[in-house]
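Biologist: I would like to go through this structure with you, one topic at a time. Could we start with the terms you use for accessibility?

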Amino acid sequence: MTKIATWNVNSLRVRLPQVLDWLGTNQPDILALQETKLLDENFPQGEIEAAGYQVAYAGQKAYNGVALLSRSAATDIIRDIDGLDDDQRRVLFATCDRLRVLNVYVPNGENVESDKYQYKLTWLKKLTGYIRQQLVAHDRLVVLGDFNIAPEPRDVYDPELLEGQVLFSVPERTAFRTLLDTGLSDTFRLFNQEDKQYTWWDYRMMAFRRNRGLRIDHILASETLSKACVSCTIDKEPRRWERPSDHAPVIAEFR
DNA sequence: ATGGTAGAGGATCTA
């Protein structure tokens with residue numbers, strides 16, 4: 001069994017003790033992190049290796065940044081995807097435990113009128129083209145991370161209020177659907193799930209206490225891997241901790 | 001009254 005997880009930590013510097021605690025409790029084989037917000041020279045490699053995990057990372061100053069923590073060594077590591085043409089550190093692609101793993105931090109988009117929203121849609125289109133190519137070569141592909149898109153009305157706390165807003169606009173949801181149509185499954189929806197399960201809650205307005213959240217962090221699997229997927233769950237526990245990330249981890253297991 | 005909170009970095013920008 002291979003256990004793989006994703007977690008937007010919103011600063012690895014601040015969240016490192018929580019990440020180490022969570023690794024000890026949950027023992028994943030692979031953990032994909034987003035928003036590390038660290039230069040590579042400041043990555044806490046020693047502390048993570050001391051906890052029994054190897055690391056690969058692609059960071060930058062202040063914003064973005066992704067990392068892959070794994071029990072086994074990751075190989076064939078790619079930090080710059082062909083055709084993405086992006087200076088921001090948002091992707092990390094590697095092979096680990098017989099999986100081809102693509103860790104993504106999709107642009108937030110800010111709001112639907114913003115230039116950053118167009119950047120998000122263009123970025124997703126380029127990523128989708130790349131994934132379409134990669135699925136030809138890799139039948140055991142996992143794409144996971146913070147997609148900054150809630151795919152369906154049941155993935156947001158108030159679909160009427162949020163309709164047309166960033167993270168839940170029709171063009172974003174269509175882009176997500178197009179990505180799945182390359183041959184990926186949203187592993188969370190392979191299983192019967194309780195209602196009102198989310199992965200992100202705004203820090204403001206007591207959103208977590210009121211469960212005003214969105215499901216925007218996902219683990220997508222190729223057809224071969226979908227058949228081998230036995231669970232996908234959201235761990236809300238770290239969101240309850242003192243000084244938490246605004247995102248909860250998502251965990252999938254593969255036979 | 002365009003809020004409210006968090007992180008980075010040292011004034012705003014991003015989410």
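Modeller: A residue is called buried under 20% relative accessible area, exposed over 50%, and partly exposed in between. Please keep in mind that this is a predicted model.

Biologist: Which residues is Val 112 in contact with, leaving aside its neighbours within four places in sequence?

Modeller: Those contacts are Tyr 117, Gly 164, Gln 165, Val 166 and Ser 169. As for Leu 124, 12 residues separate it from Val 112 in sequence, and their C-alpha atoms are 15 Å apart in space.

Biologist: Let us turn to helix packing. At what angle do helix 3 and helix 5 pack?

Modeller: The angle between helix 3 (residues 115-137) and helix 5 (residues 170-180) is about 10 degrees, and their axes are 10 Å apart. Angles under 35 degrees count as roughly parallel, and the two helices are therefore roughly parallel to each other.

Biologist: Which residues make the contact?

Modeller: Helix 3 contributes Tyr 117, Lys 120, Leu 121, Leu 124, Thr 128, Ile 131 and Arg 132. From helix 5 come Pro 171, Glu 172, Ala 175, Thr 178 and Leu 179. By class, this contact has seven nonpolar, two polar and three charged residues.

Biologist: Glu 172 is on that list. Is Glu 172 buried or exposed?

Modeller: Glu 172, which is found in helix 5, has 0% relative accessibility and therefore counts as buried. Apart from neighbours within four places in sequence, Glu 172 is in contact with Tyr 117, Lys 120 and Leu 121, and also with Asn 148, Ile 149, Gln 165, Val 166 and Leu 167. Glu 172 and Leu 121 are 51 residues apart in sequence, yet 6.9 Å apart in space, C-alpha to C-alpha.

Biologist: What about the strands? Where is Ala 32 placed?

Modeller: Ala 32 is in strand 2, and its relative accessible area is 0%, so Ala 32 is buried. Setting aside neighbours within four places in sequence, Ala 32 is in contact with Ala 5, Thr 6, Trp 7, Ala 67, Leu 68, Asn 103 and Leu 144. Val 66 is 34 residues from Ala 32 in sequence and 7.4 Å from it in space, C-alpha to C-alpha.

Biologist: And Thr 2, buried or exposed?

Modeller: Thr 2 is buried, with a relative accessible area of 16%. Thr 2 lies in strand 1 (residues 2-8). Not counting residues up to four places away in sequence, Thr 2 touches Asp 29, Asp 97, Leu 99, Ala 252, Glu 253 and Phe 254.

Biologist: A word on the backbone, please. What is phi at Lys 37 and at Arg 98?

Modeller: Most residues other than glycine have a negative phi. Lys 37 has a positive phi of about 55 degrees, and phi of Arg 98 is also positive, near 65 degrees. Lys 37 sits in the loop between strand 2 (30-34) and helix 2 (45-50), and is partly exposed at a relative accessible area of 26%. Arg 98 lies in the loop between strand 6 (91-96) and strand 7 (99-105), and counts as exposed at 64% relative accessibility.

Biologist: Which residues line the largest cavity?

Modeller: The lining consists of Asp 186, Thr 187, Phe 188, Arg 215, Asp 217, His 218, Ile 219, Cys 232, Ile 234 and Val 250. Five of these residues are nonpolar, two polar and three charged. Strand 12 (217-222) and strand 13 (229-234) each supply at least two lining residues, and strand 12 gives the most, with three.

Biologist: Finally, how much space lies in the largest pocket?

Modeller: The largest pocket holds about 630 Å³. Of its 24 lining residues, the closest to the centre are Asn 108, Leu 167, Trp 200, Asp 202 and Arg 204. The lining of the largest pocket divides into 12 nonpolar, five polar and seven charged residues.

Key:
Residues are numbered from 1 along each chain as its sequence is written. Chains are lettered from A and ligands numbered from 1 in the order in which they are written. This is a predicted model: local features need pLDDT of at least 70, side-chain atom pairs count only at pLDDT 80 or more; totals for chains, interfaces and linings use all residues. Side-chain values use heavy atoms; hydrogens and water are left out. Axes are lines fitted to C-alpha atoms, for helices over the stretch in contact, and angles run from 0 to 180 degrees between N-to-C directions. Helices (H or I, at least four residues) and strands (E, at least two) are DSSP runs, numbered from the N terminus. Angles under 35 degrees count as roughly parallel, over 145 as roughly antiparallel, 65 to 115 as roughly perpendicular and the rest as oblique. Contact means heavy atoms within 4.5 Å. Ala, Val, Leu, Ile, Met, Phe, Trp, Tyr, Cys and Pro count as nonpolar, Asp, Glu, Lys and Arg as charged, and the others, Gly among them, as polar. On a 1 Å grid over the protein atoms alone, a cavity is a set of points where a 1.4 Å probe fits but cannot get out, and a pocket is an open set with protein on both sides within 12 Å along at least five of seven lines; lining residues have an atom within 4 Å of a point. Buried means under 20% relative accessible area, exposed over 50%, partly exposed in between (1.4 Å probe, protein chains only). Grid points are joined across faces, edges and corners, and a volume is the space filled by probe spheres set on the points.
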